[in-house]
Each structure stands twice: as C-alpha cells, then as structure tokens.
Amino acid sequence: MKWYLNFGVIILFMGLLFFGVLQFIPRTTLNTPTLKTNILSVDDGYGYQIFKDGKLVIQQEYIPAISGQYSFRKLEDAQTVANLVRNKLMNGHEPMVTVKELAELNIVILTDK
C-alpha cells in the first residue's frame, strides 16, 4: 500500500512539474499571418509588393506620400519602405507612409524623369 502511495505522489509531482515548465515555453499562434515583401522592377525604377499568407495585399509601383508617380530609384530604397510597411501591418497599424518617414529613412526622391 505504501508503494502505491509513493508511486502516486511521484506521478503527481512529475505532472505538476511538466505543466509548470510549459508555462515558460513561448507559444506561437497559428493565427499569426505571414507577411512577405517582394521588390518589383518597373519601367524607370522599383516598387514593392506585400503578401499576406501568400496573397497579394499591396502593390506599390510608386513612392508613397509624394505627389506624382515616381518610382524608387534604388532597389534598397524600395526594400526599406516595403519593410517599414510590413512592420506597420505586423504591429496592427495602417500601412500609410509619410513624407517625414521617407526623409528619416533617407529615401532618394528624384522627381525629374
């Protein structure tokens, strides 16, 4: 009888230990969308696309926030702004880009074609 009691206490202790450890393991949610960027080559420069779970949600062929239709001159600039927009979406913010943000990111804006 004492043997069964000791065995039961050990099983109970192991179960509590197991579930206690689970509390400290980071959980990933299956509902977290996957956001990926793709850089486009357009007639006179670059643009970008953003995909959510493999579906195209944004296609930006021109530099956002400026007047007129001017493409990014450098691939790196398009990637930088695409990353900014992706990060905004991942944090639940609107994907709007401001002129101030473009300036802070040192995005080259050449309005003469």
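Let's start with isoleucine 11, which sits in helix 1 (residues 2-22); helices here are DSSP runs of H or I with at least four residues, strands are E runs of at least two, and both are numbered from the N terminus. Keep in mind that this is a predicted model, where local features need pLDDT of at least 70, side-chain atom pairs count only at pLDDT 80 or more, and totals for chains, interfaces and linings use all residues. Residues are numbered from 1 along each chain as its sequence is written, and side-chain values use heavy atoms, with hydrogens and water left out.

Here is how two residues sit in terms of cover (buried is under 20% relative accessible area, exposed over 50%, partly exposed in between, with a 1.4 Å probe and protein chains only).

| Residue | Relative accessible area | Class |
|---|---|---|
| Isoleucine 11 | 46% | partly exposed |
| Glutamine 49 | 11% | buried |

Glutamine 49 belongs to strand 2 (residues 45-52). Its side chain makes a polar contact with the side chain of glutamine 59, at 2.9 Å. A polar contact is a pair of N or O atoms within 3.5 Å; within protein, one must be able to donate a hydrogen and the other to accept it, and residues adjacent in sequence count only if both atoms are side-chain atoms.

What about the largest nonpolar core? It has 15 residues, and Tyr48, Ile50, Phe72, Val81, Val85 and Leu102 have the most contacts inside it. Such a core is a set of buried Ala, Val, Leu, Ile, Met, Phe, Trp, Tyr and Cys residues joined through side-chain atoms within 4.5 Å. Strand 2 and helix 2 (75-90) are the elements that give it two or more residues, and helix 2 gives the most, with 4 residues.
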